[in-house]
Amino acid sequence: MAAYFDDLESRSADARAADMAVALPQQIARAQALAGYAHSLSGVDAASVTDAAALAALPVLRKSELGAAQGVAAPFGGFAAAPADGFSHVFQSPGPIYEPGHTGADWWRMGRFLHAAGIGQGDVVQNCFGYHLTPAGHMFESGARAVSATVLPAGTGQTELQVIAGRDVGATAYAGTPDYLKIILEKADEMGVSLGISKAAVGGGALFPSLRSWYADRGIACLQCYATADLGNIAYESDATGGMIVDEGVIVEIVTPGTGDPVAPGEVGEIVVTSLNPNYPLIRFATGDMSAVMEGTSPCGRTNMRIKGWMGRADQTTKIKGMFVRPEQVAALVARHAEVGKARVVASREGEMDVLTVHVESSGGTVDTYASSVIETLKMKGRVEICAPGSLPKDGLVIEDQRSYD
């Protein structure tokens with residue numbers, strides 16, 4: 001397998017800056033032609049936006065603004081270069097937020113990550129990302145096609161069938177959330193089935209060091225990417241340890257949350273991304289995720305900027321079991337029950353798995369009633385603990401993440 005996916009990965013700093021000076025003004029001009037940017041980019045001289053410093057002078061676009069715009073001009077709020085029937089797919093993420101998608105030319109740029117994970121021709125990828133409404137399954141399938149790998153579109157759930165299918169088709173690689181592969185492997189052990197998976201490309205949640213080591217002990221090289229439904233691949237790991245390499249199809253800034261102003265090199269801030277995708281030109285899109293820039297380049301030889309990976313959220317929104325839980329969802333849970341004064345969602349880990357626990361201050365009600373409301377408002381199952389009114393901490397948190405990322 002070639003060392004790099006393409007020549008873009010090993011460009012010199014001068015070559016990358018020269019390419020940006022051409023691509024960035026073109027992308028700003030494309031965005032200015034769209035109704036969604038009619039106000040925010042009005043009066044901007046696109047030709048002058050040739051580097052990160054000039055880009056930093058433009059306003060930040062937040063997901064809440066995107067959602068509000070979609071409510072007025074469905075489905076894409078005037079931010080996509082074509083209507084819904086101009087794309088091969090339309091996806092819906094929680095919110096709801098709608099995203100466009102295309103099947104051709106590795107539209108989400110996931111091939112670069114899969115190549116870095118050692119996946120290519122001759123591999124059969126058991127793709128355990130969902131294919132329903134949200135785009136993750138399609139994103140990784142597109143990447144697999146880009147590296148000439150075969151795909152088993154396994155989706156989520158039905159673990160016993162996952163084991164049987166992986167065995168029967170000879171799956172050599174896994175794509176999915178970090179912890180689901182462990183469930184499959186443990187089920188295979190229980191069934192006395194040997195699987196041939198030796199590579200894993202994961203996303204949708206944090207890959208904890210202990211879980212990575214668990215896979216390594218079983219001979220599985222597990223690497224993670226940082227990607228979103230809106231932007232596609234943003235950064236990814238290679239086989240060289242140390243941070244995540246920024247994808248060649250985006251420009252990443254680390255800014256002070258709430259301001260859009262770049263932080264000093266090495267400081268932690270919010271990840272803001274400008275996509276160079278001509279079909280969906282998101283300009284300075286705030287992800288809500290936190291990270292920091294790492295000094296130098298990766299030991300693997302890829303020369304683009306590195307970030308330290310996911311370091312929490314700029315707000316209290318937290319990803320649990322691969323799904324975001326937002327403060328407004330917790331508020332909706334409380335509003336369902338007159339006897340509930342307050343609720344607090346706690347994310348923790350047990351046995352390498354995410355655990356969701358909802359603490360409810362209530363003068364009545366039952367665990368079963370609240371558990372049902374948790375599923376309806378948070379879109380996942382969780383434990384419920386009822387506590388006395390006034391007993392939860394008064395620290396402003398409605399979502400507490402107790403997981404260690406060290």
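With which residue does R383 form a salt bridge? In this predicted model, the partner is E350, and the closest N and O atoms of the two side chains are 2.8 Å apart. R383 is partly exposed, with a relative accessible area of 41%, and E350 is partly exposed with a value of 41%.

The count of salt bridges comes to 26. One of them joins R302 to E9, with the closest N and O atoms 2.9 Å apart. Because R302 sits in the loop between β14 and β15 while E9 belongs to the segment before α1, this pair connects parts 293 residues apart in sequence. Both R302 and E9 are buried. These two residues also belong to a network of salt bridges that links D6, E9, R109, R112, D247 and R302. Another pair, R16 and E248, has its closest N and O atoms 3.0 Å apart, and both residues are buried.

D106 is found in the loop between β3 and α4. Beyond its close neighbours in sequence, D106 is in contact with G111, R112, S142, G143 and A146.

Turning to nonpolar residues, the largest core has 61 of them, and those with the most contacts inside it include F113 and F140. Strand β11 gives the most to this core, with four residues. Apart from it lies another core, of 19 residues, among them V163 and L211.

Note on methods: Residues are numbered from 1 along each chain as its sequence is written. This is a predicted model: local features need pLDDT of at least 70, side-chain atom pairs count only at pLDDT 80 or more; totals for chains, interfaces and linings use all residues. Side-chain values use heavy atoms; hydrogens and water are left out. Helices (H or I, at least four residues) and strands (E, at least two) are DSSP runs, numbered from the N terminus. Contact means heavy atoms within 4.5 Å. A nonpolar core is a set of buried Ala, Val, Leu, Ile, Met, Phe, Trp, Tyr and Cys residues joined through side-chain atoms within 4.5 Å. Buried means under 20% relative accessible area, exposed over 50%, partly exposed in between (1.4 Å probe, protein chains only). A salt bridge is a side-chain nitrogen of Lys or Arg within 4 Å of a carboxyl oxygen of Asp or Glu. Lists of a residue's contacts leave out its neighbours within four places in sequence.
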